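Reader: Please take me through this structure. I would like to know what stands behind each label.

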Amino acid sequence: MGRPSYITLIAPAAKTYNITERLERLSQPKPPHPDFKEDLHSPRSHPSKAAQKASPGPAEIRLSQPKEHHRDYIPEKQSETKVSEAAMKAVASDRVETLAMPKDRDDTIHYKDPYWHPTGKMFNYSPNKTIRDLSFPKLHAPGYQGDNYFFWKVSKAARKYVASSRIQELSTPVRGTQASS
């Protein structure tokens with residue numbers, strides 16, 4: 001028998017909890033619509049006479065066929081494992097035998113409660129200077145400059161500029177070739 005799962009443990013406070021009126025309302029199943037009627041039949045349950053006499057077209061016949069396998073599909077083969085005679089006659093060592101034995105677990109072991117219950121002394125705790133210093137956020141180094149959110153204005157001349165043929169040639173992506181080292 002293994003260790004008990006912590007998920008199954010129920011906190012003592014949960015056993016004495018009184019559910020609120022709102023939770024009680026939310027736990028009720030959703031009522032059906034007032035106009036809902038259960039005994040109505042689906043219109044598909046009574047096909048027309050014309051639909052019963054109709055013959056399927058070529059598209060329906062093709063779609064009703066089972067899906068064909070890809071031409072390169074190879075079905076699974078059963079792998080035949082051959083065990084050598086030496087392996088079948090082998091005797092396990094004492095160490096392997098001890099490792100194969102299941103662990104002896106004492107069922108009387110009591111595991112620690114996963115819920116943390118603070119004691120009265122914890123409510124009156126006042127931290128020392130080191131703990132207080134560590135609780136403050138880290139300060140930036142002297143000379144640190146934060147993000148600059150300044151947007152540069154683009155001049156009219158830069159917007160009207162036409163790149164030279166050499167710059168246009170250099171800016172076109174190279175396709176179909178690999179870089180050589």
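Author: What follows is a short exchange about labels and the values behind them. This is a predicted model, where local features need pLDDT of at least 70, side-chain atom pairs count only at pLDDT 80 or more, and totals for chains, interfaces and linings use all residues. Residues are numbered from 1 along each chain as its sequence is written, and side-chain values use heavy atoms, with hydrogens and water left out.

Reader: What makes up the secondary structure of the chain?

Author: The chain has 10 helices and 0 strands. Helices (H or I, at least four residues) and strands (E, at least two) are DSSP runs, numbered from the N terminus.

Reader: Why do Glu85 and Lys89 count as a salt bridge?

Author: A salt bridge is a side-chain nitrogen of Lys or Arg within 4 Å of a carboxyl oxygen of Asp or Glu. For Glu85 and Lys89 the N to O distance is 3.9 Å, so the pair qualifies. They sit 4 residues apart in helix 5 (residues 85-89), which means about one helical turn between them. Glu85 is exposed, because its relative accessible area is 56%. Lys89 is exposed as well, at 64%.

Reader: What makes Lys129 and Asp133 a salt bridge?

Author: Their closest N and O atoms are 2.9 Å apart, so they meet the rule. Both lie in helix 8 (residues 129-135), 4 residues apart, about one helical turn. Lys129 is exposed at 56%. Asp133 has 42%, so it is called partly exposed.

Reader: Which residue pairs with Arg166?

Author: Glu169 does, at 3.3 Å, N to O. Arg166 is partly exposed, because its relative accessible area is 47%. The count comes to 3 salt bridges.

Reader: Which residues form the nonpolar patch on the surface?

Author: Tyr17, Ile19, Leu23 and Leu26 form it, with about 420 Å² of accessible area together. Patches take residues with over 30% relative accessible area and no salt bridge: like charges are joined within 9 Å, nonpolar side chains (Val, Leu, Ile, Met, Phe, Trp, Tyr) within 5 Å. Leu23, in helix 2 (residues 21-26), has 39%, so it counts as partly exposed.

Technical notes:
Accessible areas come from the Shrake-Rupley method with a 1.4 Å probe; for residues, only the protein chains shown count as cover. Buried means under 20% relative accessible area, exposed over 50%, partly exposed in between (1.4 Å probe, protein chains only).
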